[in-house]
Amino acid sequence: MEDLQKLESEIVAAITACEDLAKLEDLRVAEIGKKGRVSLMMRELGKMSPDEKKEFGPKFNKLKTVLVDAIADRKAALELDALNARLQSERIDITLPSRPAPEGSIHPITQVMDEVTEIFTEIGFSVAEGPEIEEDFYNFTALNIPEEHPARQMHDTFYLPEDEDGKRKVLRTHTSPVQIRTMMAGPPPYRIIAPGRTYRCDSDATHTPMFHQVEALVIDKNIHMGHLKWCIEEFCRKFFELDDVKIRFRPSYFPFTEPSAEVDIGCAFKDGEILIGEGDDWLEIMGCGMVNARVLENVNLDPNEYQGFAFGMGLDRIAMLKWGIPDLRDFFAADLRWLKHYGFAALDIPSLSTQNKTTGSK
Ligand code: 2U9
């Protein structure tokens with residue numbers, strides 16, 4: 001009897017000291033499993049006299065019950081410990097952002113290019129592209145800027161070294177060669193915009209050697225200046241998000257358009273700021289005109305049959321105007337603080353899509 005009591009305390013102590021589930025199972029098999037120590041002892045009951053059976057039977061049963069319960073309790077405690085350890089190791093901080101914090105931003109020039117593209121594609125233009133290293137013919141001659149023409153000097157061209165044929169390619173000084181290539185590639189009508197990088201050997205507070213332009217070209221039968229005027233007004237309304245814009249056409253000169261004009265937008269210069277759509281001041285935003293008949297002839301179109309208009313603007317300049325960015329040179333300084341301040345979130349969509357919905361990132 002004393003032995004049974006001792007055995008019970010000994011096994012319960014071993015169970016309580018057991019530190020992992022596998023060892024606990026080993027212990028269970030060794031003590032109360034089919035061939036376990038206690039089970040084998042219980043088998044001895046069969047050999048006992050009825051009186052002994054009466055005495056030891058309940059004691060063995062109690063021993064077994066105590067051990068089964070002790071193992072079950074220990075097992076539950078170890079399982080709970082294991083669960084807690086797992087929860088601790090897989091802990092999720094639900095206060096963290098759901099995805100890694102966004103890094104980087106869309107450059108204002110990319111944003112302005114996307115917005116301009118959206119406005120023009122919405123009214124039926126397609127986007128055309130061409131090489132930045134251009135042949136003299138496409139950049140100048142076809143556009144009615146012959147050799148020795150003073151306009152060539154105006155463009156401050158970057159020339160590449162002469163190639164095998166003695167020809168000097170240029171970094172395109174405007175995106176106009178894209179329209180020449182488009183017209184030479186297939187028949188009219190054309191309704192295209194050509195956004196992209198352009199280069200002029202010029203550098204000061206308002207000029208960088210590389211800058212961005214978007215030009216538009218429409219050629220069809222019976223196209224006149226009224227179409228040009230509507231297009232430009234519509235663009236300004238959408239781009240500056242104004243219902244009512246004041247636009248002024250000032251006569252000007254470009255070799256590739258005749259007549260030519262510069263376009264001013266109504267604004268107010270107030271405390272060093274430019275407020276578009278307010279006040280009585282004017283600010284030049286683009287150049288335009290009816291495509292010069294000579295340019296049409298250069299691409300084998302009959303000017304009596306086809307006419308059209310074109311306009312061009314500096315994207316860097318209109319980005320500065322729209323968001324009040326003061327210095328052009330900062331656009332290309334790769335200053336992270338500047339980019340963080342003026343950049344757009346990657347999922348910001350052009351302003352046309354966001355009008356009356358969200359305010360964008362600014
Ligand atoms: C073809 C025929 C005509 C494109 C035009 C302008 C007027 C113009 C300047 C704006 C600011 C260049 O970036 S800027 O310095 N552009 O004023 N561009 S008309 O005329 C064309 C183009 C292609 C075949």
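The ligand is surrounded by 19 residues, and the closest are Gln-213, Phe-254, Gly-287, Ala-310 and Gly-312. The protein covers 88% of the 560 Å² of accessible area that the ligand has on its own. The model is predicted.

**Ligand shell**

- Two or more shell residues come from each of helix 8 (176–185), strand 6 (210–220), strand 10 and strand 11 (307–314).
- Strand 11 is the top contributor, giving 5 residues to the shell.
- By class, the shell holds 11 nonpolar, 7 polar and 1 charged residues.

- Gly-287 uses its backbone: an N or O atom lies 3.4 Å from an oxygen atom of the ligand.

**Asn-292: position and burial**

- Asn-292 sits in the loop between strand 10 (281–291) and helix 10 (293–298).
- Its relative accessible area is 12%. Asn-292 therefore counts as buried, as that value is under the 20% cut-off.
- Gln-307 is 15 residues from Asn-292 in sequence, and their C-alpha atoms are 8.8 Å apart in space.

**Asn-292: contacts**

- Beyond its neighbours within four places in sequence, Asn-292 is in contact with Asn-144, Pro-255, Phe-256, Thr-257 and Glu-258.
- With Pro-255 there is a polar contact: the backbone oxygen of Pro-255 lies 3.1 Å from a polar side-chain atom of Asn-292.
- The Asn-292 side chain also reaches the backbone nitrogen of Arg-294, at 2.9 Å.

- Glu-258 belongs to strand 8 (residues 257–270).
- UniProt, in an unreviewed entry, places the feature "binding site" at Glu-258.
- Setting aside residues up to four places away in sequence, Glu-258 touches Met-290, Val-291 and Asn-292.

**Ala-72**

- Ala-72 lies in helix 4 (residues 50–89).
- Its relative accessible area is 42%.
- Ile-15 is 57 residues from Ala-72 along the chain, and their C-alpha atoms are separated by 9.8 Å.

Key. Residues are numbered from 1 along each chain as its sequence is written. This is a predicted model: local features need pLDDT of at least 70, side-chain atom pairs count only at pLDDT 80 or more; totals for chains, interfaces and linings use all residues. Side-chain values use heavy atoms; hydrogens and water are left out. Helices (H or I, at least four residues) and strands (E, at least two) are DSSP runs, numbered from the N terminus. Buried means under 20% relative accessible area, exposed over 50%, partly exposed in between (1.4 Å probe, protein chains only). Contact means heavy atoms within 4.5 Å. A polar contact is a pair of N or O atoms within 3.5 Å; within protein, one must be able to donate a hydrogen and the other to accept it, and residues adjacent in sequence count only if both atoms are side-chain atoms. UniProt positions are given in the numbering used here, feature names are shortened, and annotations may be inferred rather than shown by experiment. A residue is near a molecule or strand if one of its heavy atoms lies within 4 Å of it. Accessible areas come from the Shrake-Rupley method with a 1.4 Å probe; for residues, only the protein chains shown count as cover. Ala, Val, Leu, Ile, Met, Phe, Trp, Tyr, Cys and Pro count as nonpolar, Asp, Glu, Lys and Arg as charged, and the others, Gly among them, as polar.
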